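Thanks for coming. I will go through the charged side chains first, and then what the database record says. Please have the structure open.

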Amino acid sequence: MAHQFPPLKNDLLLRAARGEQVERTPIWIMRQAGRYLPEFHEIRKHHGFFEVCRTPELACALTLQPIDRYGSLLDASIIFSDILVIPQALGLEVKMIEGRGPVFTAPLDTPADISRLHEKIDVGKELGYVYEAITLTRTKLEGRVPLLGFVGAPWTLMAYMIEGGGSKTLAKAKSWLWKYPEESHRLLQRITDVSVTFLVGQVKAGAQMLQVFDSWGGELGPDDFKQFSLPYIAQIASRVKEQLDIADIEVVPMTIFAKGSWYALEDLSSIGYDVVSLDWTISPKYARSVTKDRVCLQGNMDPTALYGPDEAIREIATKMVKDFGKDAKYIANLGHGILPTVNPDSLKVYLETVQQVSAEIRKQ
(Lines give C-alpha, C1' and ligand atoms only; values in the text may rest on other atoms or scores of the structure.)
Protein backbone atom coordinates (compact mmCIF):
# COMPACT_ATOMS: atom_id res chain seq x y z
CA MET A 1 0.00 0.00 0.00
CA ALA A 2 1.33 3.45 -0.92
CA HIS A 3 2.21 5.77 1.93
CA GLN A 4 0.20 8.95 2.42
CA PHE A 5 2.52 11.90 2.99
CA PRO A 6 1.90 15.61 3.63
CA PRO A 7 1.79 17.67 0.40
CA LEU A 8 5.10 19.17 -0.71
CA LYS A 9 5.33 22.92 -0.08
CA ASN A 10 8.73 23.55 -1.72
CA ASP A 11 9.29 21.68 -4.98
CA LEU A 12 12.02 24.00 -6.30
CA LEU A 13 14.67 21.27 -6.29
CA LEU A 14 12.53 18.75 -8.15
CA ARG A 15 11.53 21.31 -10.78
CA ALA A 16 15.14 22.35 -11.34
CA ALA A 17 16.25 18.71 -11.56
CA ARG A 18 13.70 18.13 -14.31
CA GLY A 19 15.02 21.11 -16.25
CA GLU A 20 12.14 23.48 -15.56
CA GLN A 21 12.66 27.21 -15.18
CA VAL A 22 12.74 28.23 -11.51
CA GLU A 23 12.48 31.58 -9.74
CA ARG A 24 15.82 31.08 -7.96
CA THR A 25 18.50 28.42 -7.69
CA PRO A 26 17.64 25.63 -5.23
CA ILE A 27 20.39 24.70 -2.78
CA TRP A 28 21.26 21.85 -0.44
CA ILE A 29 24.56 20.57 0.96
CA MET A 30 26.17 17.16 0.78
CA ARG A 31 26.62 15.79 4.33
CA GLN A 32 24.33 18.55 5.59
CA ALA A 33 23.16 16.32 8.47
CA GLY A 34 26.61 15.96 9.90
CA ARG A 35 29.44 16.64 12.29
CA TYR A 36 29.62 20.41 11.77
CA LEU A 37 26.38 20.76 13.77
CA PRO A 38 26.58 20.84 17.59
CA GLU A 39 23.14 19.19 17.77
CA PHE A 40 24.57 16.25 15.77
CA HIS A 41 27.24 15.74 18.44
CA GLU A 42 24.63 15.77 21.19
CA ILE A 43 22.97 12.68 19.67
CA ARG A 44 26.29 11.02 18.82
CA LYS A 45 27.49 11.32 22.43
CA HIS A 46 25.04 8.57 23.33
CA HIS A 47 24.87 6.47 20.14
CA GLY A 48 27.35 4.84 17.76
CA PHE A 49 27.38 5.90 14.10
CA PHE A 50 25.88 2.74 12.62
CA GLU A 51 23.51 2.49 15.58
CA VAL A 52 22.11 5.84 14.45
CA CYS A 53 21.87 4.59 10.86
CA ARG A 54 19.95 1.50 12.01
CA THR A 55 17.57 3.36 14.33
CA PRO A 56 14.93 5.12 12.22
CA GLU A 57 13.99 7.62 14.95
CA LEU A 58 17.62 8.71 15.36
CA ALA A 59 18.34 8.83 11.61
CA CYS A 60 15.19 10.92 11.20
CA ALA A 61 16.23 13.29 13.99
CA LEU A 62 19.64 13.93 12.38
CA THR A 63 18.10 14.37 8.94
CA LEU A 64 15.78 17.05 10.29
CA GLN A 65 18.45 18.98 12.22
CA PRO A 66 19.71 21.16 9.33
CA ILE A 67 16.15 21.70 8.09
CA ASP A 68 15.10 22.88 11.55
CA ARG A 69 18.21 25.05 11.92
CA TYR A 70 18.28 26.73 8.50
CA GLY A 71 14.57 26.72 7.67
CA SER A 72 13.76 28.13 4.22
CA LEU A 73 17.47 28.45 3.36
CA LEU A 74 17.59 24.76 2.41
CA ASP A 75 15.59 23.28 -0.46
CA ALA A 76 16.19 19.57 0.25
CA SER A 77 16.90 17.05 2.97
CA ILE A 78 18.97 13.90 2.50
CA ILE A 79 18.36 10.87 4.66
CA PHE A 80 21.00 10.25 7.31
CA SER A 81 22.62 6.96 6.33
CA ASP A 82 25.91 5.76 4.86
CA ILE A 83 27.04 4.30 1.55
CA LEU A 84 28.61 1.35 3.41
CA VAL A 85 25.28 -0.15 4.46
CA ILE A 86 25.39 -2.12 1.19
CA PRO A 87 28.68 -3.90 1.99
CA GLN A 88 27.20 -4.61 5.43
CA ALA A 89 24.11 -6.12 3.80
CA LEU A 90 26.42 -8.24 1.64
CA GLY A 91 27.90 -9.71 4.81
CA LEU A 92 30.99 -7.63 5.59
CA GLU A 93 31.47 -6.09 9.02
CA VAL A 94 32.20 -2.35 9.02
CA LYS A 95 33.02 -0.35 12.14
CA MET A 96 33.20 3.44 12.38
CA ILE A 97 36.39 4.21 14.31
CA GLU A 98 36.79 7.69 15.80
CA GLY A 99 39.64 9.49 14.06
CA ARG A 100 39.99 6.83 11.35
CA GLY A 101 36.60 6.55 9.73
CA PRO A 102 35.12 3.29 8.41
CA VAL A 103 37.14 0.11 8.95
CA PHE A 104 36.29 -3.33 7.52
CA THR A 105 37.28 -6.05 9.96
CA ALA A 106 37.85 -8.58 7.14
CA PRO A 107 38.10 -6.93 3.70
CA LEU A 108 38.23 -8.89 0.46
CA ASP A 109 41.83 -9.90 -0.17
CA THR A 110 41.49 -12.15 -3.23
CA PRO A 111 38.52 -13.18 -5.40
CA ALA A 112 38.18 -16.32 -3.27
CA ASP A 113 36.92 -14.03 -0.51
CA ILE A 114 33.89 -13.13 -2.61
CA SER A 115 32.46 -16.47 -1.45
CA ARG A 116 32.13 -14.88 2.00
CA LEU A 117 29.50 -12.48 0.64
CA HIS A 118 25.85 -13.44 0.90
CA GLU A 119 24.75 -15.08 -2.35
CA LYS A 120 21.15 -13.95 -2.17
CA ILE A 121 20.07 -10.89 -0.22
CA ASP A 122 16.63 -9.88 0.95
CA VAL A 123 17.34 -6.16 0.61
CA GLY A 124 14.11 -5.19 2.35
CA LYS A 125 15.05 -7.31 5.36
CA GLU A 126 18.72 -6.31 5.49
CA LEU A 127 18.23 -2.59 4.82
CA GLY A 128 14.63 -2.09 5.87
CA TYR A 129 15.79 0.25 8.63
CA VAL A 130 16.72 2.78 5.91
CA TYR A 131 13.26 2.46 4.38
CA GLU A 132 11.67 3.00 7.81
CA ALA A 133 13.84 6.07 8.39
CA ILE A 134 12.83 7.49 5.00
CA THR A 135 9.11 6.95 5.62
CA LEU A 136 9.30 8.46 9.11
CA THR A 137 11.36 11.43 7.94
CA ARG A 138 9.14 12.13 4.96
CA THR A 139 6.20 12.32 7.37
CA LYS A 140 8.03 14.48 9.93
CA LEU A 141 9.25 16.88 7.24
CA GLU A 142 5.60 17.86 6.77
CA GLY A 143 6.27 18.75 3.15
CA ARG A 144 8.81 21.47 3.96
CA VAL A 145 11.34 20.19 1.39
CA PRO A 146 11.85 17.02 -0.68
CA LEU A 147 13.72 14.05 0.79
CA LEU A 148 16.66 12.51 -1.04
CA GLY A 149 17.82 8.91 -0.86
CA PHE A 150 21.23 7.66 -2.03
CA VAL A 151 23.72 4.87 -2.59
CA GLY A 152 27.43 4.62 -3.20
CA ALA A 153 28.45 3.76 -6.77
CA PRO A 154 29.58 0.17 -7.37
CA TRP A 155 33.24 1.05 -8.03
CA THR A 156 33.48 3.15 -4.86
CA LEU A 157 31.87 0.39 -2.76
CA MET A 158 34.07 -2.29 -4.31
CA ALA A 159 37.14 -0.18 -3.50
CA TYR A 160 36.10 0.15 0.14
CA MET A 161 35.40 -3.58 0.38
CA ILE A 162 38.91 -4.42 -0.84
CA GLU A 163 40.91 -1.61 0.80
CA GLY A 164 39.14 -2.12 4.13
CA GLY A 165 38.72 1.61 4.65
CA GLY A 166 40.02 4.89 3.30
CA SER A 167 43.13 4.90 1.12
CA LYS A 168 45.36 7.46 -0.57
CA THR A 169 46.26 5.23 -3.51
CA LEU A 170 43.56 2.52 -3.74
CA ALA A 171 46.47 0.25 -4.69
CA LYS A 172 44.77 -2.94 -3.49
CA ALA A 173 41.43 -2.23 -5.16
CA LYS A 174 42.91 -1.00 -8.42
CA SER A 175 45.27 -3.98 -8.62
CA TRP A 176 42.18 -6.21 -8.73
CA LEU A 177 41.17 -4.54 -11.98
CA TRP A 178 44.39 -5.69 -13.64
CA LYS A 179 44.86 -9.02 -11.87
CA TYR A 180 41.24 -10.19 -11.75
CA PRO A 181 39.21 -8.26 -14.36
CA GLU A 182 36.49 -10.91 -14.73
CA GLU A 183 35.99 -11.29 -10.98
CA SER A 184 36.02 -7.50 -10.60
CA HIS A 185 33.20 -7.19 -13.12
CA ARG A 186 31.24 -9.91 -11.34
CA LEU A 187 31.63 -8.13 -8.01
CA LEU A 188 30.65 -4.80 -9.55
CA GLN A 189 27.56 -6.40 -11.04
CA ARG A 190 26.54 -7.92 -7.74
CA ILE A 191 26.85 -4.54 -6.01
CA THR A 192 24.89 -2.95 -8.86
CA ASP A 193 22.02 -5.43 -8.51
CA VAL A 194 21.69 -4.73 -4.79
CA SER A 195 21.95 -0.97 -5.38
CA VAL A 196 19.10 -0.99 -7.91
CA THR A 197 16.79 -2.90 -5.56
CA PHE A 198 17.79 -0.66 -2.66
CA LEU A 199 17.10 2.58 -4.57
CA VAL A 200 13.73 1.39 -5.84
CA GLY A 201 12.86 0.49 -2.24
CA GLN A 202 13.90 3.96 -1.09
CA VAL A 203 11.48 5.57 -3.54
CA LYS A 204 8.69 3.23 -2.44
CA ALA A 205 9.47 4.28 1.14
CA GLY A 206 9.16 7.97 0.27
CA ALA A 207 12.40 9.27 -1.28
CA GLN A 208 11.59 11.96 -3.87
CA MET A 209 15.00 12.11 -5.53
CA LEU A 210 18.09 9.87 -5.57
CA GLN A 211 21.83 10.47 -5.71
CA VAL A 212 24.62 8.03 -6.58
CA PHE A 213 27.98 8.88 -4.99
CA ASP A 214 31.05 7.70 -6.91
CA SER A 215 33.38 9.30 -4.39
CA TRP A 216 36.44 7.49 -5.73
CA GLY A 217 35.52 7.70 -9.42
CA GLY A 218 38.38 10.14 -10.06
CA GLU A 219 40.93 7.60 -8.81
CA LEU A 220 40.39 5.79 -12.11
CA GLY A 221 41.85 7.04 -15.38
CA PRO A 222 39.46 7.81 -18.27
CA ASP A 223 39.68 4.36 -19.90
CA ASP A 224 39.37 2.49 -16.62
CA PHE A 225 36.42 4.65 -15.52
CA LYS A 226 34.71 3.82 -18.82
CA GLN A 227 35.24 0.11 -18.21
CA PHE A 228 34.80 -0.34 -14.45
CA SER A 229 32.48 2.46 -13.34
CA LEU A 230 30.43 3.94 -16.16
CA PRO A 231 28.56 0.77 -17.26
CA TYR A 232 27.39 0.11 -13.70
CA ILE A 233 26.24 3.62 -12.82
CA ALA A 234 24.49 3.71 -16.21
CA GLN A 235 22.72 0.45 -15.33
CA ILE A 236 21.58 1.91 -12.02
CA ALA A 237 19.91 4.89 -13.71
CA SER A 238 18.17 2.88 -16.42
CA ARG A 239 17.09 -0.05 -14.25
CA VAL A 240 15.79 2.06 -11.35
CA LYS A 241 13.70 4.19 -13.68
CA GLU A 242 12.46 1.14 -15.57
CA GLN A 243 11.44 -0.68 -12.39
CA LEU A 244 9.63 2.37 -11.02
CA ASP A 245 7.80 2.75 -14.31
CA ILE A 246 6.79 -0.92 -14.37
CA ALA A 247 5.52 -0.62 -10.78
CA ASP A 248 3.48 2.45 -11.81
CA ILE A 249 5.43 4.63 -9.36
CA GLU A 250 6.40 8.17 -10.33
CA VAL A 251 9.95 8.15 -11.72
CA VAL A 252 12.03 10.43 -9.50
CA PRO A 253 14.96 12.56 -10.68
CA MET A 254 18.40 11.00 -10.24
CA THR A 255 21.81 12.59 -9.69
CA ILE A 256 25.28 11.19 -10.36
CA PHE A 257 28.28 12.58 -8.48
CA ALA A 258 31.59 11.14 -9.71
CA LYS A 259 34.19 13.12 -7.81
CA GLY A 260 37.32 13.85 -9.81
CA SER A 261 35.96 12.34 -13.04
CA TRP A 262 35.99 15.60 -15.02
CA TYR A 263 37.02 13.66 -18.15
CA ALA A 264 33.74 11.71 -18.04
CA LEU A 265 31.37 14.69 -17.98
CA GLU A 266 30.09 14.11 -21.50
CA ASP A 267 29.39 10.44 -20.80
CA LEU A 268 27.85 11.20 -17.40
CA SER A 269 25.41 13.62 -19.02
CA SER A 270 24.10 11.02 -21.46
CA ILE A 271 23.49 7.84 -19.41
CA GLY A 272 20.07 8.61 -17.96
CA TYR A 273 20.74 10.85 -14.98
CA ASP A 274 18.80 14.09 -14.68
CA VAL A 275 21.49 15.86 -12.66
CA VAL A 276 25.29 15.70 -12.84
CA SER A 277 27.00 16.95 -9.69
CA LEU A 278 30.38 18.65 -10.08
CA ASP A 279 33.35 18.86 -7.75
CA TRP A 280 35.11 22.19 -7.25
CA THR A 281 37.85 21.53 -9.85
CA ILE A 282 35.42 21.94 -12.75
CA SER A 283 34.48 25.42 -13.97
CA PRO A 284 30.79 26.09 -14.68
CA LYS A 285 31.67 27.30 -18.16
CA TYR A 286 33.52 24.08 -18.99
CA ALA A 287 30.75 21.90 -17.53
CA ARG A 288 28.04 23.69 -19.52
CA SER A 289 30.04 23.52 -22.75
CA VAL A 290 30.67 19.78 -22.39
CA THR A 291 27.21 18.75 -21.21
CA LYS A 292 25.46 21.16 -23.63
CA ASP A 293 22.65 21.73 -21.10
CA ARG A 294 21.40 18.15 -21.58
CA VAL A 295 21.25 17.78 -17.80
CA CYS A 296 20.87 19.90 -14.71
CA LEU A 297 24.25 20.65 -13.12
CA GLN A 298 24.85 20.63 -9.36
CA GLY A 299 27.62 22.14 -7.26
CA ASN A 300 30.25 23.20 -6.76
CA MET A 301 31.94 25.59 -4.29
CA ASP A 302 35.13 24.27 -2.69
CA PRO A 303 34.03 23.13 0.80
CA THR A 304 37.13 24.74 2.33
CA ALA A 305 35.88 28.18 1.19
CA LEU A 306 33.51 27.96 4.17
CA TYR A 307 36.57 28.52 6.40
CA GLY A 308 36.97 31.99 4.90
CA PRO A 309 35.53 35.21 6.33
CA ASP A 310 31.93 36.05 5.48
CA GLU A 311 32.89 38.52 2.74
CA ALA A 312 35.03 35.88 1.00
CA ILE A 313 32.22 33.30 1.17
CA ARG A 314 29.82 35.86 -0.34
CA GLU A 315 32.27 36.75 -3.10
CA ILE A 316 33.00 33.12 -4.06
CA ALA A 317 29.33 32.10 -3.90
CA THR A 318 28.25 35.11 -5.97
CA LYS A 319 30.81 34.32 -8.67
CA MET A 320 29.74 30.67 -8.73
CA VAL A 321 26.05 31.47 -9.20
CA LYS A 322 26.79 34.07 -11.90
CA ASP A 323 29.21 31.73 -13.70
CA PHE A 324 26.53 29.03 -13.99
CA GLY A 325 24.18 31.72 -15.31
CA LYS A 326 20.57 32.62 -14.84
CA ASP A 327 19.38 30.41 -17.72
CA ALA A 328 21.23 27.28 -16.56
CA LYS A 329 19.60 24.11 -15.31
CA TYR A 330 21.32 24.35 -11.97
CA ILE A 331 21.20 23.24 -8.32
CA ALA A 332 23.68 24.84 -5.94
CA ASN A 333 25.73 22.70 -3.58
CA LEU A 334 29.32 22.26 -2.49
CA GLY A 335 31.87 20.42 -4.60
CA HIS A 336 31.95 17.65 -1.97
CA GLY A 337 30.60 17.12 1.54
CA ILE A 338 30.73 19.90 4.14
CA LEU A 339 33.76 19.49 6.40
CA PRO A 340 33.18 18.63 10.07
CA THR A 341 34.95 21.69 11.54
CA VAL A 342 33.03 24.32 9.55
CA ASN A 343 31.17 26.95 11.56
CA PRO A 344 27.41 26.47 10.97
CA ASP A 345 27.05 30.27 10.69
CA SER A 346 29.45 30.27 7.73
CA LEU A 347 27.20 27.80 5.94
CA LYS A 348 24.27 30.14 6.60
CA VAL A 349 26.14 32.95 4.80
CA TYR A 350 26.65 30.66 1.79
CA LEU A 351 23.01 29.59 1.67
CA GLU A 352 21.74 33.16 2.01
CA THR A 353 24.10 34.43 -0.70
CA VAL A 354 23.11 31.76 -3.23
CA GLN A 355 19.40 32.41 -2.70
CA GLN A 356 19.76 36.18 -2.90
CA VAL A 357 22.10 36.34 -5.90
CA SER A 358 20.24 33.70 -7.91
CA ALA A 359 16.93 35.49 -7.40
CA GLU A 360 18.49 38.85 -8.35
CA ILE A 361 20.10 37.73 -11.61
CA ARG A 362 16.79 36.31 -12.82
CA LYS A 363 15.24 39.75 -12.53
CA GLN A 364 17.89 41.36 -14.74
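Predicted model: local features only at pLDDT ≥ 70, side-chain atom pairs only at ≥ 80, totals over all residues.

Which helix gives the most to the negative patch? That is helix 15, residues 310–324, with three residues. Asp-310 is placed in helix 15. Its relative accessible area is 33%, so Asp-310 is partly exposed.

Staying in helix 15, look at Asp-323 and Lys-319. These two form a salt bridge, with the closest N and O atoms 2.6 Å apart. They are four residues apart in helix 15, which means about one helical turn separates them. Lys-319 is exposed, at 51% relative accessible area, whereas Asp-323 is partly exposed, at 35%.

Now the salt bridges elsewhere. Side chains of opposite charge can pair when their charged atoms come close. How many salt bridges does the count come to? The count is 15.

One of them joins Arg-18 to Glu-250, and here the closest N and O atoms are 3.2 Å apart. Where do the two partners sit? Arg-18 is in the loop between helix 1 (12–17) and helix 2 (38–44), and Glu-250 is in the loop between helix 12 (230–246) and strand 6 (254–258), so the pair ties together parts that are 232 residues apart in sequence. Arg-18 is partly exposed, with 38% relative accessible area. Glu-250 has 56% relative accessibility and therefore counts as exposed.

Another salt bridge is between Arg-116 and Asp-113, at 3.6 Å from N to O. Is Asp-113 buried or exposed? Asp-113 counts as buried, because its relative accessibility is 17% and the cut-off for buried is under 20%.

Last, the record. An unreviewed UniProt entry lists residues 26–35 and 148–164 under "domain: Uroporphyrinogen decarboxylase (URO-D)". What does the chain look like over these spans? Residues 26–35 are 0% helix and 0% strand, and the end C-alpha atoms are 23 Å apart. Residues 148–164 are 59% helix and 29% strand, with 27 Å between the end C-alpha atoms.

That is the end of my part.

How values were computed. Residues numbered from 1 in each chain as written. Heavy atoms only, no water. UniProt positions renumbered as here; feature names shortened; annotations may be inferred. Helix = DSSP H or I, 4+ residues; strand = E, 2+ residues; numbered from the N terminus. Buried < 20%, exposed > 50% of the residue type's maximum accessible area, 1.4 Å probe, protein only. Salt bridge = Lys/Arg side-chain N within 4 Å of Asp/Glu carboxyl O.
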